[in-house]
Each structure stands twice: as structure tokens, then as C-alpha cells.
Amino acid sequence: MPDYSWPAAENRTLIGKRISRVDSPLKVSGRAKYSYDYHGPEMLFGKILRSPYAKARIISIDTSAAEKMPGVKAVEIIQKPGTTVHWAGDEIVGVAAVDEPTAEDGIRAIEVKYQLLQHNVSDAEPPAGAGEAPGPMSEDDVWDAADQIQPAQVAAQMAQLGVKFKATEEMLAVWKKYDMPDEIIAAARTAPYHEEKEGASSSFFQKAAAQSQGEPDKAFAEADAVSEGLYGSPVITHCCLETHGSTAEWPDKDHLFVHISTQNVSGIPGQMAEPMGVPAANVHIHQDHIGGGFGSKFAADRWDMAAARLSKKADGKPVRMMLERDSELKVAGARPSAYARVKVAAKRDGTITGWQSQSWGTGGPGGGGMPPIPYVFAIPNQRKQHTAIRNNIGPARAWRAPNHPQAAVITMGALEDTAAKLNMDPLEMFLKNIELTKPRQDIYREELNIAADLMSWKSKWRPRGQNISGNIARGLGLSLHTWGGRGHASDCDLTLHPDGSVEIKLGSQDLGTGTRTCILIVAAETLGIPMDAITLNIGDTQYPPSGGSGGSTTIGGVSSSTRRAAVDAREALFEKVAPALNAQPADLECVNGTVRVKGDSSRSLSWKQACAKLGAMPLTVRGKNPDKTKPPDLTNSGVGGVQMAEVEVDTETGVVKVKKMVAVQDCGLVIDLKTAESQCHGALIMGITYALFEEKIMDQNTGRMLNPDMEFYRLAGISDIPELVVHMMTGKGYDERGVIGLGEPPVISPGAAISNAVANAIGVRVPFLPLTPDRVLAALGQKAGA
Amino acid sequence: MQDDPKKPLEESSGVSRRDFLKISGISAAAVPLIGTKVVEAAGQPIKVYGPGRVPVELTVNGKKHTLQLEPRVTLLDALRDNLEITGAKRVCDRGECGACTVLLDNKTVYACSVLAIDAQGKQITTVEALMQGGKLHPVQQAFVDTDASQCGFCTPGFVVATKVFLDKHPKPTPDEIRRGLSGNLCRCGTYHGIQQAIAQFAQKGA
């Protein structure tokens, strides 16, 4: 069996070095083609009519004027009358026209009548008792339930909870008209009627059962200090620079071809096939480059389906349907909010003994789950309880390290407050409790010490509020994080041609993380040839499937499948070449563009000469991940990272300036140190952005987002960027773990570290991100008033 | 870099907002006409385009193109959708992010905020023209060396803005960088690489 394991450090020529990104020259010269850049022959432009209301039932849709409009080529109703829309911006009708302005004119000519329903876009703290005893159901509740669960279950709920509306025959006739199942109509006639009780809980709140472990009551009773606080992060958006969308066309009536902006090239056909009525094998997906995804681009969305349907109606002509910026921010995904009231019990020496939390948050209509709190530190005695708020802000999507940044803000904030209460340096307190971070305590200990050196923590740190000169308060904060990151399923085809050219095919995608570069590094390292001697093809369903790029799973997946393919190709080549070199295949090696007898440069063939021995036909092998038949496991899971932030806060204006950030990060074996460091730099910057600026602000009156643009949904600019120091943990103790993903981990801690630094600077916690001037001033005002 | 990219260009369409109000007030007869018309407003002859498609001549990267465009079409959409020159990206829809930065007579503009008809008679330079003889411009090379792109969607705009900024400030101070490049936004967080690219360029004095 060939040795598939990663080469030892002393034998690596490319792996772990700083290698420039291979697609940079295309990107810096404008030649990189994104899905948004694709322009098909006779292409039409698609636009979507969206609901202006956060919750409404569609009563009627009149598209006749739009259909008659010159230049409009197809109209497609996306949600029929009778459907309930659950957020402002929800898709109603799609239009395809000869150009964009005409498509917009077409949209304006459509008339939709709505019945408005009561919406909620707030994620404020649920009132006491909310979600505990659901009251009788409203008409809205019944429609909602009918959208989500089986008719029999809805009927059972109605019988059990009762209803708070009088089911008139008129009402039920409307229900019938809009396809309400008969079983539910029957239940409405028999369900007990209850008047609405004052303060009865609405269906907005879903209270989960309390969880506890250890002996929380005892821990709090015996604590030397109990710290209490409020922490949280709001809903934010992904704000990908390339908006969501696609261009769909039908080369013939049975085949669909889609250029889509996606993190999931291989997975899209399976999502589109059934709705489009064609086999998945007939759906061809292509994407060269993607302008950002961050977790929001795994699906073929409703607008993509609409583009495909509009194209079909327009004789198969390509229909480009890319979202406008406002729609991107309103409907194309958001990170759930998470807030918590936390109590921490500790001993005088800093030992943390107990955790108690009441948390809440929203992920839109689906509610959402509890973030993993307490985070990283497995506190022995805990009691926690979470209430999910189901509301009408639009759907949530995975956002880089789902739930972890929120968990870090809550946990690291509560622990820092506890250290402050004990008059301890939080670095000392974190080290004191490092055993609670098992099984990564050794990694964290080492990283904390390195980070402290890089930040000059010990010389710079002062107790809370004791580093103020004039209006400027300075402070330091820290946070720890973890993530899984095991490689996903990936198939890689590697072909050696008799003329010496090498080709790799892999249905993955490069999100800007350096996937192309890393695949080429692994193949070139294994075959002993230059990276530019290999042609790499990714981003197409004609290539072997590779998993979606989410959860930091890509690097482990593609590097492992590529390594196995390259080793197998090399072994096959050795078989062919050995007789010419008078040697056994096992005695050969690939070095510096030659195939030679190990250590003997006098018995060698050039790469080209060696490949000529393949004969007339090229040789193709397939590498897979995972592959238990070809050990060892080349990828692993579970990283540790530490970050520290230094801030300056102007106590008169409330403006927070980040002055320096340090990231110390482990990700097992690093394939490309340069792109790995860039991931960390980028994550720190994205973290500064969500710590200081980002919030999807909803208006409770209208149910709409107030800042769906890039002026008021602010991203950090170059002037917001402080000194950034990134240290990757490499070498012994790290490399031998195998390759682990890096996309998520470094974006987890910045919010928590910056929040802690601000608390350290101004002497009081600013409870919620983003740390805007008004929130800072409010916290300072409370402190002064206290 | 123009000091404030959001400031309207001087000498833009030749029809100021005030003139436009006057025209709409005085010359309803001009509206149904197709093609360019000259009307008198405030005693001055003023060109009026449209409302239908009108011939538009654009000089892009040294090459002349004649297009039939509605007057409401932006320079960005004309470049991307009519000429298929796609280096400049559409991101924010209007004047907030700089991803569509191109040069008009060697001044940076947001191509989304200039009408194609107003770019006539001017030299339009896009990111595609910075490479010479198949070789990257030194600013582009610096971006490659310092890994100043990730997804790369903001990169073309940033490269154009940085090139012009460095033409004016070959040895920029950190403060000049902060002010000079604040008109471009990135989501992946490549600003660190861009700062390094500028430092590399300034050091080499390329």
C-alpha cells in the first residue's frame, strides 16, 4: 500500500510555505469571471416583485398589464394568491425583459392585493412567562401552522388550545378558496372558543426546556463572588459583495444550464431537478469565481428557480437574475441574534464554579436555537434556558461559524466581568480555569502565552477604567474559540497525459479562501513538479463531486482527495517507468521535475520522458475523501484559537477605535501559510466590522429593514483597520494532526475580545454589539448614574 | 483619487438639476421626440437626449464603441452589459462601495454614478487596461505579492483606485492612505493586504 500520509516537514517544498494565490493575477486585472459577469446570447434580465409587507396573505395578483408591455418576455408567479408571506421582501412575481429598466417597468405594472396580518420584527427580551403557556390560536396562527405542520397536527393543536376567533362560514369559505385543508376547516368548527387572555403568550415565543447539570444552586450558594450581566449580538447580514443570483438558460427543453453564485456547485443540481421537472443529470452548473458567500449561498433560491422558469417560458433564452443590494440585505440571509442574562459563580482565587443563563434571540420565521453557552469553558454546574423568537425579519442562514461568535460574546463577556469583580487580570483567570477547556487546554495555554507576548499584555493591562487620559480610555480584552473543520466528502480526478501535462478535475469552488492554490500545492508537492505545470478545473458539475464549502470543511476535503489521487497517479507512473530505470517501482521518487531512483540523480528521467512511458493513453485516477481503504486519515477536527484586542474609547463622543488585534490560531497542518494568514487578517477585519458597525435594523411599525444599503449598513473601511498581528501555530504538535479548516475559527472571537477591551477601558460593560457611540455613551451614563 | 467620490462631477451632463426643472416646465413638446434634441433653456442651448435609445459613442481603453442606449443607462451598465467589459463590478447599486471604480480622463469615478451619455468624448479607462503587454502593472503585482484579494469582487475597483492614488502620492503617509482609499469597501477583509501592497509599491518606488 502506498504511503498517503503528509510528507514530513523536512521533505516539504511547497506545503506550509507562503505561496501566492494562483488566481490573484486574474482577480487584480479584472479578468476573473464571476457568475454576475456571465452574459449569454440574447440574454434577458430578470426582476422580482417583492412583498412590501412583513406578514400578509396574497389576495390577488394581476400581471396582465406587465405581460402586454413591449420588451417583457416572460412573467412567472412565484407565490400564488392564498399564500402567506412571512417577511418584507418575500418573492411574489418574477419578470424577464430585454433589459433591466424594462424589467423594472414590468414589475411596476403588476398589481397585487394583500390582506395584512399582524407582524413582529422585534427580538427584544421576551416578557416573563412568554412561551410557557401558549394561548388560544388566532386565525394567523392557524395559517402559520398550516404552512408548517401536518393538517392533523394543526387540528389537534386547535382542539387543545382553542381558538380566539369566531369561525364564520364566510371566513371558512375564504379558507377553502385558498386551499386550507378540509381537516383544519372542520377543526375550526369544533375548536373551543376562548376570549384572548390578557398577557397570554403569542406564538412568537418558543421556550425550550431548561437544561441543567451539576449542582448549580450549591455552586451559587457557596460562591465567593457572583457576577451578573447582560450580553448580546444583534441580527446581522452577510452582505456578500457579489449578490445572490444566477443566469439560467435551457439549451434544449430537457437541459438546464445555470451560472450561479454558489458555495455548493456539486449540490445545486439535486436542488433544482425536481422543481424544474428534469433529472439532476440534466442540470449543468458552472461557476468560475464567487464574490463572497460566508455561509449564505448553499441553496438554489426561489429567485434562481424563478430565473429558470422564466427562461423556459422565453424559449430557453438566458435570464439573469441577480439581486439588487437592498434585496440582498433584506432577504438573502442573516445571522441570528443572541442575547443573555448571565450569572457566574466563582471562588476568590478565580475558579469558576457555576453558570446560569436566560437567553433569547431570533433567526426569523424559524426561531432558532440556543448558542453553545457557556462557550469553550465546560463550567461544572450550569442551568440555562433559551427562548427562540419566531418573527418576520426574514430567514436566517449560516453565517461564518454559526452561533459561535454570539456564544463567545456572551461567555467571554460574562467571564471578563467575573474577573473584574474579583479584581483579577482576565488573562490570569482564563489560565487559572484552563482545565475547563479540555481537550484543548494545552493548545489554549500555549496560545494565550504567545498572544500575551504579541500584545505586550502584561505591561499594558490595567484594571478596569484605570487607563484614562483626558477623554481617551484605553483597554485590553481577550477571547478563546474553537471549531470542528473536518474535511468534507470530495472526489478528485487526476490525469497524467503521455506528453507530461497534468490535469485535475474537482467539482469544488474557491470562495477566495485559496482552494485552487491549495489543491495545486498538494498535487505539485506530491508529483514533484511546478504548480503551473498542472491544469486545475473546478466549479462545474461535469467534474467529480465535492462538498459544499461550509463549516471550514473544504480544505480538509480537497487536500485529502487530491493527495490520494496524486499519490496513486505517482505510483502508477512508477510502475511504468521502473523498467527503464532498472529499478523497482518502490525505489523511485518524484523530485524537481524528474522521476528518479531515490537519492540518485544519475538514474533519472525528466517528467516528460517519464510520462511518455504511459503509452498512447492518458492515465486517470480518482482520489476520495474520506477513504478508509487508503489510510491514514489526512484531515482532523477541533481547533483552538486565542485573540486579544486593544481599544481606545473617546468617553465624550462614545467612539471606539480598535488600535491593535492579535490572533493566534491553530488549524493542524497548514497547506499555504500565506492564504491561511490572509484568512485570519480578513476574519479580524470582518470581526471589527460586526463588533462596531453591523446591525440589521428593523422597523416595528412597517416591518421593514431600515438600512438595506451600504451607506447605513456599514462595513469597516481601510481607515478602521488597526495594527493586526497573526500567528499561526505550526510545527510539532500541530502538523501531525492533519489538515483542519480555518474559514470559521478566526472570525469567532473578535466581537468578544473587542467588547471586553471596551469594558476594560471604560469600566462598564456595553451589553450589546455593535459598540456604537450611542450604546457606549448610554453605558457610561448608567455607570455615572449608578 | 477624487477627493470625494460621491461629489457630483463638474461639467457633467450639461443639464443641471435647475436647468432640468426649467426644461420640464417649458418644453413639453421636446418630450416625445427620439434622439438628441437641442432646446433652449434660460437662454442657453442645451442638448436633450431620449427618451428612447440614442446613439452613444464611448472610448474605452483607447477603443471607440458606438452603442444605442437609453439615456438612463449608467456607464457601469453600458460597460458590463453592452460592451461585456466586466472588470468593474456592480455591488451597492449606487455610489457607496467603489467596486465599479474606473477612470474618466484619468480621474477616478464610480461608474454606477455616471450616465453613459455623460462619458462621451472622454477617455474611459477600466482595470482591464492596466496590464501592458501581458504584464501586470506594478500595483497589480504588489496586490498579488501581498495577497490583497480574497473573493476578489472589490479588487478591480480597489486596484484602479490604488493606482491613481499612488500616482498622486508615491510615498503616502498612513493618514493619506486612510483618506485616499476610503471610497472602496471590502467584505472579506483584504485591507491589511492592500496596506502591505501600498507599502511594497512605495518601497520599490516602481
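A salt bridge here is a side-chain nitrogen of Lys or Arg lying within 4 Å of a carboxyl oxygen of Asp or Glu. With that in hand, welcome to a few close-ups of this predicted model. Over all chains, the whole structure holds 59 salt bridges.

**Figure 1. A:Lys317 and A:Glu42 pair up in a salt bridge.** The closest N and O atoms of the two side chains are 3.6 Å apart. This pair links distant parts of the chain, 275 residues apart. A:Lys317 sits in the loop between helix H10 (302-313) and strand E14 (319-322) of chain A, while A:Glu42 belongs to the loop between helix H1 (24-28) and strand E1 (44-50) of chain A. As for accessibility, A:Lys317 is partly exposed at 25% relative accessible area, and A:Glu42 counts as exposed at 60%.

**Figure 2. A:Lys47 meets A:Glu324 in a salt bridge within a network.** Here the closest N and O atoms are 2.9 Å apart. A:Lys47 lies in strand E1 of chain A and A:Glu324 in the loop between E14 and helix H11 (325-331) of chain A, so the pair ties together parts 277 residues apart in sequence. Are these two residues buried or exposed? A:Lys47 is buried, with a relative accessibility of 4%, and A:Glu324 is buried too, at 19%. Look around the pair and you will find the rest of the network of salt bridges, which also includes A:Glu100, A:Glu104, B:Asp77 and B:Arg90.

**Figure 3. A:Asp666 and A:Arg737 form a buried salt bridge.** The N to O distance is 2.6 Å. A:Asp666 is in strand E29 (residues 656-666) of chain A, and A:Arg737 is in the loop between strand E30 (723-729) and helix H20 (750-762) of chain A, so this contact ties together parts that are 71 residues apart in sequence. Both A:Asp666 and A:Arg737 are buried. As a reminder for any such view, side chains of opposite charge can pair when their charged atoms come close.

**Figure 4. Chain A and chain B share an interface that buries about 4400 Å².** Of that area, 54% is on carbon and sulfur atoms. Which residues of chain A lose the most area to chain B? They are A:Val28, A:Leu241 and A:Ile718, together accounting for 19% of what that side buries. In all, 59 residues from chain A and 47 residues from chain B take part in the contact.

**Figure 5. Polar and charged pairs also join chain A to chain B.** There are 8 salt bridges between chain A and chain B, and 28 residue pairs in polar contact. One of the salt bridges joins A:Asp37 to B:Arg80, with the closest N and O atoms 2.9 Å apart. On the side of chain A that touches chain B, two or more residues come from each of H1, helix H3 (100-108), H11 and helix H19 (673-692) of chain A. H19(A) gives the most, with 9 residues. That side divides into 22 nonpolar, 20 polar and 17 charged residues.

**Figure 6. The largest nonpolar core has 152 residues.** A:Met644, A:Ile754 and A:Ile762 have the most contacts inside this core. H19(A) gives the most to the core, with 11 residues. Beyond its neighbours within four places in sequence, A:Ile754 is in contact with residues including A:Val658, A:Met661, A:Ile688, A:Leu692 and A:Leu771. Another core, of 49 residues, lies apart from the largest one, and among its members are A:Phe574, A:Val577, A:Leu581 and A:Cys590.

Methods: Residues numbered from 1 in each chain as written. Chains lettered and ligands numbered in written order. Predicted model: local features only at pLDDT ≥ 70, side-chain atom pairs only at ≥ 80, totals over all residues. Heavy atoms only, no water. Helix = DSSP H or I, 4+ residues; strand = E, 2+ residues; numbered from the N terminus. Buried < 20%, exposed > 50% of the residue type's maximum accessible area, 1.4 Å probe, protein only. Contact = heavy atoms within 4.5 Å. Buried area = accessible area lost by both parts, 1.4 Å probe. Polar contact = N/O pair within 3.5 Å; in protein donor to acceptor, adjacent residues only side chain to side chain. Nonpolar A, V, L, I, M, F, W, Y, C, P; charged D, E, K, R; others polar. Core = buried A, V, L, I, M, F, W, Y, C linked by side-chain atoms within 4.5 Å.
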